[in-house]
Every structure is written in structure tokens, then in C-alpha cells.
Amino acid sequence: MKGLVQKDIYQLTSSWFRPVRIFFVIAVLVAGMIFFKQDSSIILVLLLLLMVNNIQSLFIKDSTNRWLSLLKSLKISTFAVIGSRYITLVVICVYGTILNFVYMLFSMFLFNTSTGIDVLVISSTCLWVSLIYGLVIIPFLYAFKQNGLTLAIIIMFSCVALLIKFSSAITKLAYIIHSYSYVQLILIAIVALIGIGIISMVVSYLIVEKEK
């Protein structure tokens, strides 16, 4: 499994660390710092989600190179194949969150509009959101290949649009959230993350097994 993760990380980093892309990211972050000031962290959140979206390129390359067929011939277990891709997701999200944390700390010292606790809470929330997002899209990528990301995003946006349409539901949800303590909310978030992660991995496993 370690070798599979290293392969994924190498493919992603070789794509990310190119002069043009690095210059673009730096330019976007500097522009965000100038124009949005203390609110510029939203740009880094969007970049983090884009980093997660790059997992799609791994599935496309696997399909083009018939990577899964090679792994099957080597008798590598489906669990190892699936698990390595999820570990790659965690690495991407943690790496992006660290960048987010450092960027927000710099913004905090520069504009003095937030505290260290605020930075920690926002960074932790970004990590949670990016992990949930990745856990949702991976089964779609296994099921629908290059079209999976588009389909997953459409479904997620549709769900958000429906939720927004029913404002009473949002009000009730906000009331429920405020009724819990911070410790309870953290525990709920962890349980939800674990639950969604298990469901996501099981669905992905069944999809890959069915394709054998």
C-alpha cells in the first residue's frame, strides 16, 4: 500500500510543482491578501478543494494506463488499492490545511483581526470539509471515471440549493447546532467523518470488486 500511495503523491506533485502553477498560486494568494485582507483565507479554502479535485487526474491516468488491470495481475488486494487512494486524500487535505494554517497566521499577524483560536478552528473546519468532500467524490470517480467529479459536484450543489430553498430547515439546523457545546460538536464531526469514510470506502470497494 505504501508504494501505491507514493505513486499517487509523485504523480500529483509532479503536476503541481511547475513554475507556472507555483507562480499562479502565489499571485492569487498575494492578490487575495491585498484585496480581501483578513477575509482572504477563503481563497486558500477554494485552492484546497481544487487540490482535492486533482485526485480525478489519478483516476484518469489509471484508466488510460490500465493500472487496475496491472494490479489485478499482480494479485494486489482490492482493499490495498482502495485504501491507498484514501490515504492519498488524507495527505492532500492535511498538506492543504497546513498551508491554510500558515497563511492565516500570517494574515492574523498582519491585520490583527483574529486570534490563534480562530485560526485553529477555521483550519480544522477546512480540514473536515475537504475530507468530507473528498470522501464523497471518490466513489463517484470509481463508478463514473472522468465524469464522476462533475456528477458529484452537481449532486452536492443540488442538495445545497434544496437546503437553501427551505429556509426553515436551515433555521432548525442552526438552532440544533447552537444547542450543543463545542466538545459535543467536535465529537459529532468526528463521528460523522468516520461514518461517511466507512460508507465511502465500502461503496468504492464494491464498485471495484464488481468491475473485476
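Figure 1. For Asp8 the relative accessible area is 0%. The two residues form a salt bridge, with 2.9 Å between the closest N and O atoms (a salt bridge is a side-chain nitrogen of Lys or Arg within 4 Å of a carboxyl oxygen of Asp or Glu). The model is predicted, so local features need pLDDT of at least 70 and side-chain atom pairs count only at pLDDT 80 or more, whereas totals for chains, interfaces and linings use all residues. Residues are numbered from 1 along each chain as its sequence is written, and side-chain values use heavy atoms, with hydrogens and water left out.

**Figure 2. The salt bridge between Asp8 and Arg85.** The side chain of Asp8 also meets that of Arg85 in a salt bridge, at 2.9 Å from N to O. This pair links distant parts of the chain, 77 residues apart: Asp8 lies in helix H1 (residues 2–16) and Arg85 in helix H6 (residues 78–111). Helices (H or I, at least four residues) and strands (E, at least two) are DSSP runs, numbered from the N terminus. Arg85 counts as buried because its relative accessibility is 4%.

**Figure 3. Packing of H1 against H4.** H1 packs with helix H4 (residues 55–65) at an angle of about 110 degrees, the axes being 10 Å apart. H1 is therefore roughly perpendicular to H4 (65 to 115 degrees; under 35 counts as roughly parallel, over 145 as roughly antiparallel and the rest as oblique). Axes are lines fitted to C-alpha atoms, for helices over the stretch in contact, and angles run from 0 to 180 degrees between N-to-C directions.

**Figure 4. Helix H7 and the residue that follows.** The 29 residues of helix H7 (residues 116–144) should span 42 Å at 1.5 Å a residue, and the end C-alpha atoms are 42 Å apart, which agrees. The expected span is 1.5 Å times one less than the number of residues. After H7 comes Lys145, with a positive phi near 55 degrees.

**Figure 5. Confidence along the helices.** The protein has 10 helices and zero strands. Mean pLDDT (the predictor's confidence in each residue, from 0 to 100) is 80 for the protein, with 86% of residues at 70 or more. Confidence is lowest in helix H5 (residues 67–73), at a mean of 66, and highest in helix H10 (residues 182–211), at 90.

Conventions
Buried means under 20% relative accessible area, exposed over 50%, partly exposed in between (1.4 Å probe, protein chains only).
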